[in-house]
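Please open the model in your viewer and prepare to select residues by number.

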Amino acid sequence: MRVAIVGAGAVGRSIAGELLNNGHTVMLIEKDGRKVRTRAVPGAEWVQADACEVSSLEEAQLATCDVVVAATGDDKANLVVSLLAKTEFAVNRVVARVKDPRNEWLYTEAWGVDVAVSTPRVLAALVEEAVTVGDVVRLISFRKGAANLVEITLGEDTPWVGKPLREVPLPRETVLTAVLRGDRVITPSPDEPLEAGDELLFVTHADVEEQLQRVLSPTHAR
């Protein structure tokens with residue numbers, strides 16, 4: 001993919017490095033000349049410009065990008081960049097960094113944001129995911145809750161241990177995407193038997209998260 005990252009601070013540079021290592025083409029756009037450090041991410045294309053200006057984005061050929069990441073430390077700038085990327089340049093996917101969690105409610109499809117990433121929320125989710133068994137842990141939201149990636153770890157007392165996935169009555173608008181078992185990542189199949197300690201990753205709607213938790217609870221199938 002060709003990815004444009006707006007904001008070449010520590011966050012933007014780190015994202016760029018990971019994407020380059022994964023074989024993608026990266027363009028870093030940074031307004032502040034002091035942060036244009038080409039040696040820090042030598043494989044990236046660097047553009048010094050104000051990404052909140054349409055003319056700057058036109059010169060950078062933003063329309064050729066598959067993904068735009070708004071990664072500055074300014075929520076206002078990230079929202080403007082997201083809106084321009086989606087409405088003016090028809091970028092397929094826009095990912096935006098939420099600097100202040102209090103502003104997270106603004107990061108919606110109306111502002112061109114497909115995925116909003118709030119570092120405090122992600123860190124809290126990872127902590128919960130590490131210590132919680134049997135509860136739904138929301139890892140990330142897409143399109144402001146239209147779909148969520150959630151995780152549930154099966155406890156020893158779940159009624160589904162030893163039973164194939166096809167017998168689990170999942171709620172509507174819920175898709176099991178992966179089963180994490182030890183160091184294995186298992187692609188779900190109808191005949192795959194569940195085990196205690198399995199971490200199940202679902203894409204689901206917020207409205208049915210409680211129902212999903214009840215389905216996988218110790219008392220559901222008894």
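Burial is described here by relative accessible area: buried means under 20%, exposed over 50%, and partly exposed in between (1.4 Å probe, protein chains only). This is a predicted model, in which local features need pLDDT of at least 70 and side-chain atom pairs count only at pLDDT 80 or more, while totals for chains, interfaces and linings use all residues. Residues are numbered from 1 along each chain as its sequence is written, and side-chain values use heavy atoms, with hydrogens and water left out.

Select Asp191 and Arg166 to begin. They form a salt bridge (a side-chain nitrogen of Lys or Arg within 4 Å of a carboxyl oxygen of Asp or Glu), with the closest N and O atoms 2.3 Å apart. Asp191 is exposed at 55% relative accessibility, and Arg166 is exposed at 54%.

Next, select Asp198 and Arg181, whose closest N and O atoms are 2.8 Å apart in a salt bridge. Asp198 lies in the loop between strand 10 and strand 11 and Arg181 in strand 9, so this pair ties together parts 17 residues apart in sequence; strands (E, at least two residues) are DSSP runs, numbered from the N terminus. Asp198 is buried, at 1%, and Arg181 is buried as well, at 11%.

Finally, select Lys31 and Asp50, a salt bridge with its closest N and O atoms 3.9 Å apart. Lys31 is exposed at 59%, whereas Asp50 is partly exposed at 23%. The whole structure holds 11 salt bridges.

Technical notes. Helices (H or I, at least four residues) and strands (E, at least two) are DSSP runs, numbered from the N terminus.
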